[in-house]
Amino acid sequence: MTPKLSGARWAALASVVALAAVLLPGVANADELAAPPSGRITLDVVTVNGSGCPAGTAAVNMLPDNTGFRIDYSAFRAEDGGGAAPTAFRKNCQVNVNVHIPQGFTFAVARADYWGRARLAAGASALHRTNYYYQGSSENNFVDHPIAGPLNGTWRSTDITPVTELVWAPCGEVRNLNINTELRVDAGTSTTRNWVSMRGSDGQAYTLVQFSWANC
């Protein structure tokens, strides 16, 4: 379900990017894309940690239609300038999950949508950065979304992987999926406090991670 974001302009253009481009052994081919498996897919949250998601401030839940999962935040905010703490300019949150895949299927991260709010004066800027990788993978590719001031409202960024570049979970193996999200603020020439948060205008704060499914 698409969240309602009212009363504020979009700050960041949605970007079409490749999350990663290296295939792991024993994965499905792009021409074997399948509908999500029927029945309930369960997801175990192995760890959630980082300065942007202290204990008890983030929750991860599988979507009921098995198309992906949702991450809710309540304290993910970075700030700089105007007396902000020296270490507050950068916040991150790494989510490590184990998706229990039915036999004969595998999945890849096809899309991730992020919503938030920001207050950036003229001369200030912010950055939203993500990377996605499976346990044991050497991939460490980052996707960056800059956000420029002045802005007092809502921002959104979207990561989309082309079908030919999907990175599949290895068939028949348990490999946890890691999603590392980072927010940064640079006050630049501004003398006021500037901030960016992973929080929507309706008070909800979340990320939607959507899967592609394939037959092994």
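**Strand pairing and the nonpolar core**

Strands β2 and β6 are joined in the antiparallel sense by 6 bridges; strands are DSSP runs of E at least two residues long, numbered from the N terminus, and two of them pair if DSSP finds at least two bridges between them. Within this pairing, T47 has N96 in β6 as its bridge partner. This is a predicted model, in which local features need pLDDT of at least 70, side-chain atom pairs count only at pLDDT 80 or more, and totals for chains, interfaces and linings use all residues. Residues are numbered from 1 along each chain as its sequence is written, and side-chain values use heavy atoms, with hydrogens and water left out.

The β2-β6 pair belongs to an open sheet of 5 strands, with antiparallel pairing and the order β2-β6-β11-β8-β9. At the edges stand β2 (43-49) and β9 (143-148); each has a single partner strand, so one side of each lacks a neighbour in the sheet. From one strand to the next, the twist averages 15°, with axes taken as lines fitted to C-alpha atoms and angles running from 0 to 180 degrees between N-to-C directions.

Strand β13 (residues 206-215) comes next. Of its 10 residues, 8 are buried, so β13 is largely enclosed by the rest of the structure. Buried here means under 20% relative accessible area, exposed means over 50%, and partly exposed lies in between, for a 1.4 Å probe and protein chains only.

Strand β1 (residues 33-34) is antiparallel to β13 over 2 bridges, and A34 stands opposite W213. Strand β4 (residues 68-73) also runs antiparallel to β13, with 5 bridges; here G68 is opposite Q210. Strand β7 (residues 105-120) pairs with β13 in the antiparallel sense over 9 bridges, where D113 faces L208.

The largest nonpolar core has 43 residues, and those touching the most other members are F69, V97, F107, W155, L177, V196 and F211. Such a core is a set of buried Ala, Val, Leu, Ile, Met, Phe, Trp, Tyr and Cys residues joined through side-chain atoms within 4.5 Å. At least two residues of this core come from each of β3 (58-62), β4, β6 (90-99), β7, β8 (125-134), β10 (151-160), β11 (177-186) and β13. The most come from β7, which gives 8 residues.

With neighbours within four places in sequence left aside, the contacts of F211 include M62, F69, V99, F107, V109 and L177, and also N66 and T67; contact means heavy atoms within 4.5 Å.

How values were computed: Helices (H or I, at least four residues) and strands (E, at least two) are DSSP runs, numbered from the N terminus.
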